[in-house]
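Let's take a look at a protein and see which parts hold on to each other. Here it is.

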Amino acid sequence: MRGMDEFALIRLLNRRGSPGTGRPNETGVKTGIGDDAAVMKPSAGSDIVVSCDTMVETVHFLPETMQHYDIGYKAMASSLSDMAAMGARPRWALIALTVPSGPSGTWTAESLQELYDGLYACADRYGTVVVGGDTTSSKSLLTVTVTVIGEADEDRSLLRSSALPGDIVFVTGPLGNSAAGLHLLLKAGRPAVPIEDMEETVRSLVLAHRRPEPRIDAGAILASSEAGVCGALNDISDGLASEAWEIAEASGVRIVLDEERIPLSPELTRYASAAGRDPHDFALYGGEDYELVGTVRRERAAELAARFEVAGKRIWLVGEVAAAGAMNKTDKGAAANLERAPMPGVTLRSSAGVEKPLPKKGYNHFA
Ligand SMILES: Nc1ncnc2c1ncn2[C@@H]1O[C@H](COP(=O)(O)OP(=O)(O)O)[C@@H](O)[C@H]1O
Ligand SMILES: Cc1ncc(C[n+]2csc(CCOP(=O)(O)OP(=O)(O)O)c2C)c(N)n1
Ligand SMILES: [Mg+2]
Ligand SMILES: [Mg+2]
Ligand SMILES: [Mg+2]
């Protein structure tokens, strides 16, 4: 980035401004962008819920995979997704932007504006107000970190540690589309073209990769269920296997996933078959779906599914929770496998009822 100083850049990117003192009741913002820090008023009876996530050039996106607008949209969406995963309502966000300043940098004021248009579009969509951030230069890579501050009803956040033996495991949408979209974009190996210019058959996969939607509404339904109905909850950033392992370990249980119940889109199945890949590999180990995986008390599962239907949504029941170390005694083959499996853990059950340990595999920054 050259030709513009830091302060002009901040003004340009946030030209729509932060609500500041004008509408404190609606947004809770007393002081927005422009002072040393933002000042907000939390709602009465709420816990504050906070998380941040970073996107790094080359790790999370390449010129072949994402357009500038998409990078911004996805940075906000992936951060908001952690609010959904807590059953929280996102309210405010801070954006930390690090821009390559060297002569080789391809980032211009215009491309950063597009990235910010994406960030703001996603924030607006989910009722989140940008209240500040930070802007720095770097030698090489662009990074964007979004910190989200949300609210949950007091003591009602949905934790990874709340799964109980007997619970049913659910997910909020088809899995693996994003990873398949990435696979095909990397294979194409040319600058990312707008979604409108893509073949109909691959559009939904690419869209899933570039413009994931945080499942804020699903999180709200789960959080508003009677206390204790929803057990654990997690969002799927690193792949279903990895996230199920996180729940299993945090809760001290074994999660059993039924392979044939994992929802796969027809587009994914078609793409995987053409690419000579097992679609389940994309769903289990790919990541960036930003759907939710959670558990519900067995006797309330049908009622929860009905609540989603009333809201025009659905959940897929994909497995169950067992006590750590428990195994299906009727299946000798499975028992032999499970004896070698670490407990707590995750197993994958075939349609024939055979359970195998599911590797704790998925996206890992240092693996
Ligand atoms: N560098 C860090 N310093 C402190 N806490 C961290 C750091 N990185 C991650 N965490 C915390 O570790 C937990 C797991 O992080 P992460 O795997 O990134 O979660 P998620 O997949 O939901 O984004 C979170 O509570 C997060 O706040
Ligand atoms: C160019 C490119 N290569 C690989 C990926 C795949 N990828 C990068 S990070 C990631 C996991 C999610 O990101 P992470 O920083 O781990 O988010 P968190 O788990 O903290 O929410 C995946 C699947 C990608 N999006 N783009
Ligand atoms: Mg994270
Ligand atoms: Mg998460
Ligand atoms: Mg991760």
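What follows is a short tour of a metal site and some salt bridges.

This is a predicted model, in which local features need pLDDT of at least 70 and side-chain atom pairs count only at pLDDT 80 or more, while totals for chains, interfaces and linings use all residues. Residues are numbered from 1 along each chain as its sequence is written, ligands are numbered from 1 in the order in which they are written, and side-chain values use heavy atoms, with hydrogens and water left out.

Start with the magnesium ion (ligand 4): its protein donors are Asp82 and Asp235, 2.0 Å from it. Donors here are N, O and S atoms within 2.8 Å of the metal (3.2 Å for Na, K and Ca), and sites may look incomplete since water is not among the atoms. Asp82 sits in helix 3 and Asp235 in strand 8, 153 residues apart. (Helices are DSSP runs of H or I with at least four residues, strands runs of E with at least two.) The magnesium ion (ligand 3) is 5.8 Å from ligand 4.

Now for the salt bridges, each a side-chain nitrogen of Lys or Arg within 4 Å of a carboxyl oxygen of Asp or Glu. The count comes to 19, including these:

| Pair | N to O distance |
|---|---|
| Asp70 and Arg211 | 2.7 Å |
| Lys313 and Asp217 | 3.6 Å |
| Glu320 and Arg298 | 2.8 Å |

Glu320 lies in strand 11 and Arg298 in the loop between strand 10 and helix 11, so this pair ties together parts 22 residues apart in sequence. Shared partners join Asp258, Arg261, Arg298, Glu320 and Arg349 into one network of salt bridges.
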